[in-house]
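Let's take a walk through a protein model, one piece at a time. Have the sequence and the 3D view ready, and follow along.

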Amino acid sequence: MEFPVGEKQTAMLTITNLHAGVGDKKILRGVNLQVNAGEVHAIMGPNGSGKSTLAGVLAGRETFEVTEGEVLYEGKNLLAMDPEERAAEGLFLAFQYPVEIPGVTNNYFLRAALNAIRKHRGEPEVDAAAFLKLVKEKMRILHMPEDLLKRSVNEGFSGGEKKRNEIFQMAVLDPKLCVLDETDSGLDIDALRVVADGVNALRSPHRAMIVITHYQRLLQYIVPDFVHVLSEGRIVLSGGKELALELEARGYDWVKEREPALSGARR
Amino acid sequence: MSTATDTIEQFTSQEYKWGFVTDIESETVPRGLNEEIIRLISAKKREPDWLLQWRLKAYRHWLTMEEPRWWPNLTYAKIDYNDIIYYAAPKAQKKPKSLDEVDPELRRTFEKLGISLEEQKRLTGVAVDAVFDSVSVVTTFKEKLAELGIIFCSFSEAVQEHPDLVRKYLGSVVPYNDNFFAALNSAVFSDGSFVYIPKGVRCPMELSTYFRINARETGQFERTLIICEEGGYVSYLEGCTAPMRDENQLHAAVVELVAIGDHAQIKYSTVQNWYPGDKDGKGGIYNFVTKRGACRGRASKISWTQVETGSAITWKYPSCILQGDDSVGEFYSVALTNHYQQADTGTKMIHVGKNTRSTIVSKGISAGHGQNTYRGLVKVLKGAAYARNYSQCDSLLLGDKCGAHTFPYIEVKNTTATVEHEASTSKIGEDQIFYCNQRGLSKEDAVNMIVNGFCKDVFRELPMEFAVEAQKLLGVSLEGSVG
Ligand SMILES: Nc1ncnc2c1ncn2[C@@H]1O[C@H](COP(=O)(O)OP(=O)(O)OP(=O)(O)O)[C@@H](O)[C@H]1O
Ligand SMILES: [Mg+2]
C-alpha cells in the first residue's frame, strides 16, 4: 500500500540526532528518522543494536536517559511529555515482553485505558455495554478467545496470546502512531497471519507504524514502505521493502561492510 | 518527570481524611487504672454485681501479667497504663430513644464519616450501631430486627436487657485471662455491640458497628459478642476511625463469636482505618485486638474478612476454633502499612472436630517504611481426622524501605489431615507501572490498579458496601477489577 509521496505531507514523527543510554552506557548514538502519516517503517538490526531502546525512548520509559537530540510528534516535543500523555496523544507501543498484572482483568484494564485516553481528548467515557460491543468486534478480527478478556492482564497467557493481546489492545485504543516491538516473535504461522491481518486492518492514511522485527516473514504480511537497519545505535541503511529480503539473504555483516556514506536518515 | 518510586511515595502519603475532632463536651473518669476506676465504670453503667466481680477478677489477673513484647518486628515505646483515661462519653442525657434525640453534633460526625444514622436514608439494608468513644450513641433498625427475634443492641444495653445471654457467653471464647490486652479489656471494657440470632433465622440485613474515637488521651476498649443459633446466619461489619493526634492512643478490643448450633454461620468483616500516625510516625492508634470465634455446631461456619489500613501498630489474629465436625473457618485479610506503620496480623485455625476445613488468604502491602508481618497458626488436634487447611500469604512491596515477613506455624497431630501453604513476595515493578502508563493510565491510577488487583481475592469476600469503602480506601474505583 502506497500513498502519494509527491504531495506535501506533514511528518508525524521526526527524530533528529537522538542519543540515549542507561547510566554510562550509550545505546542510541544519533538516530535520524522521519515517519509520515500513512507510512509503515520496518526497523531491523542485530540483537542489542538498540531497537527496543528506541521504542522505549519514544514511549517514555524512564530507564533511558536522552542525552542529545530531538523528537517531534505532530509538531510537539515528544520528549517533554509523560508516558501517559504520549499514549493519550495516540502513541502506542506493542511490547516485546508484555507485562503481567495479576488480579486486574484484561477487560477492566483496557476500559480504564480507553477511558483515560478519551478523557484526555475531552470525550465522554464509554460505558460497559458500549465497550463490550467494541471489544467483541476487535476480538473477532484477532480470533481472540473470549476468556482472555476475563483473565488477568497477560497472567498465564502463552507467548503468542500475549502478543495477540497487544495488537488487540492496539485495535481497541485506536492510536495514531503504532510501534510494534517484535510482535512476530513467539507467534506460530497461523497466528502470525491473523495478527498481521489485524495490523493491516489498522493501516490507514492517518496512521503510521514502526514495525521492529528480525524476520522478513512478518514483512511479507505487513508490507513496509521503508526498511531501516539499526546497528550500534544508528540507522546505517535504509531502503524499500526489498531491503528486508536482501538482509535475510546476506546477513548483517554485509551491512557493516558497506560504506558509511550510505548510513543516516532516509531521503 | 517523576519516577515510579516518587509516585509510590505520593500514593502512600495521601492525607488521612477522617482526622477531624468533634467539639462535644464529654464526661470522663479520672486518669489512671485501679479498682476504684473499675467500680466507677461499672457503676456508671449500672451493671449487676456479677459483672463487676468479673471485671475485678480480670483486673487482678492483669496486674500479674507482663505487657507482651512478642515479636522482634514490632517496636514501640512503653505504654503508661496509668496515664490513660479509661472511659469517655459524650455528656448527654440518657441514651436517646430515637434518632431525633441524638445530639446533632454527633449525628453530624457520623454523617461526615459517611455513616447515615437515619433508617429511611439507607438504601441497602444495613443496621448500624454507632459507638462514640466509650458509648453506643444509637442503634438503627432495632425494632424491625426484633420482630424476627434478632437482638442487635449495644453491649451495655444487652447487659441490662439480656443478662442471662451475656453472662452465659461473655468470656466463653476469649477468657478474661487469655492475654494481657484481653485481660485489660475484660477489666475496663466500655461498650460495643451485641448480636443474637435465634434458631433458623437468616438476618435479612447487614449489621454493622461504627467505632469512633474522639476524646483525647483516652483508650477505647470495646467488647463485641455475637451469638448465632442453629441454622442462623448473620453478616456483621465493623468500621472505625479516629482524629489525628500527636500522641498514641490505645484501642484494645475483644470480639467473641459463637456459632452454637448446626449450620450456624457468622460472617464478620472489618474495615479498620484508625488514625495511622503522620508520615514521620508520630501519633496514631495502637490497635491491640483479640478476636476469636468458636464453631461449636456441626457444619457451622465462621468467616473473618479484614481490611487493615489504619493504626500505628496493629496486632490481631482473628481466629477460629473448629469444634463441630465439618465446621469451616475462613480468614481473608488485606493489611496495608505505610510510613512507619507496623502490622503483625494473621489468624489461628484450631481444628478440633473431624472433617473441619479452614482457608487463609492474606495479602500484605508494605509501603514507605511500613513493616508488615503475617503470623498464622494452623493446629490440627488428634481427633481432627481429615481436617484440611489451605493457606496463601502474599506480600507486595512498594518501594525499598519497607518490609514484609511471613511466619506460618503448623502443628499437625492427625496424619489424615492435609495442610497446604503457599507464599509469595513481589514488588510493584517499574515495568508494570510503565505498561499501564503506556496505555494512558496515570502513575497513580496504575499503582491503585495493581494494588487492588493484588487484593482482589479478599475484596470479593466483603459485602458490597464495604468492598466499595475498602477500594476507596486504597484509592480506587470498583467496577470490574474486582469481582
Ligand atoms: N536497562 C538497561 N540497562 C543496561 N543496559 C541496557 C538496558 N536496556 C538495554 N540495555 C542494553 O542496550 C543495548 C540495546 O538493547 P535493546 O534492548 O534496545 O536491543 P534490541 O535491538 O532491541 O535487541 P533484541 O533484538 O535482542 O531485542 C543492549 O546491549 C542492552 O543490553
Ligand atoms: Mg528488542
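## A metal site

A donor here is an N, O or S atom within 2.8 Å of the metal (3.2 Å for Na, K and Ca), and since water is not among the atoms, sites may look incomplete. With that in hand, look at the magnesium ion (ligand 2): A:Ser52 (OG) and A:Gln96 (OE1) coordinate it at 2.0 to 2.3 Å. A:Ser52 sits in helix α1 (residues 51-59) of chain A and A:Gln96 in the loop between β6 (91-94) and β7 (101-105) of that chain, so the pair ties together parts that are 44 residues apart in sequence. Helices (H or I, at least four residues) and strands (E, at least two) are DSSP runs, numbered from the N terminus.

Are these two buried or exposed? Buried means under 20% relative accessible area, exposed means over 50%, and partly exposed is in between (1.4 Å probe, protein chains only). A:Ser52 counts as partly exposed because its relative accessibility is 31%, while A:Gln96, at 16%, counts as buried.

## How the model is read

This is a predicted model, where local features need pLDDT of at least 70, side-chain atom pairs count only at pLDDT 80 or more, and totals for chains, interfaces and linings use all residues. Residues are numbered from 1 along each chain as its sequence is written, chains are lettered from A and ligands numbered from 1 in the order in which they are written, and side-chain values use heavy atoms, with hydrogens and water left out.

## Two helices

Helix α3 (residues 49-63) of chain B has 15 residues and spans 21 Å from first C-alpha to last, close to the expected 21 Å (1.5 Å times one less than the number of residues). Its buried residues include B:Trp50, B:Trp54 and B:Trp62. The buried residues of α3(B) pack against, among others, α2 (35-44) and β8 (223-228) of chain B; contact means heavy atoms within 4.5 Å.

Over in chain A, helix α7 (residues 189-202) has 14 residues and reaches 20 Å, close to the 20 Å expected. Among its buried residues are A:Leu192, A:Val195 and A:Leu202. Their cover includes α4 (128-141) and β10 (208-212) of chain A.

## A residue on chain B

B:Ala146 belongs to helix α5 (residues 142-146) of chain B. With 45% relative accessibility, B:Ala146 counts as partly exposed. B:Ala146 and B:Gly231 are 85 residues apart in sequence and 18 Å apart in space, C-alpha to C-alpha.
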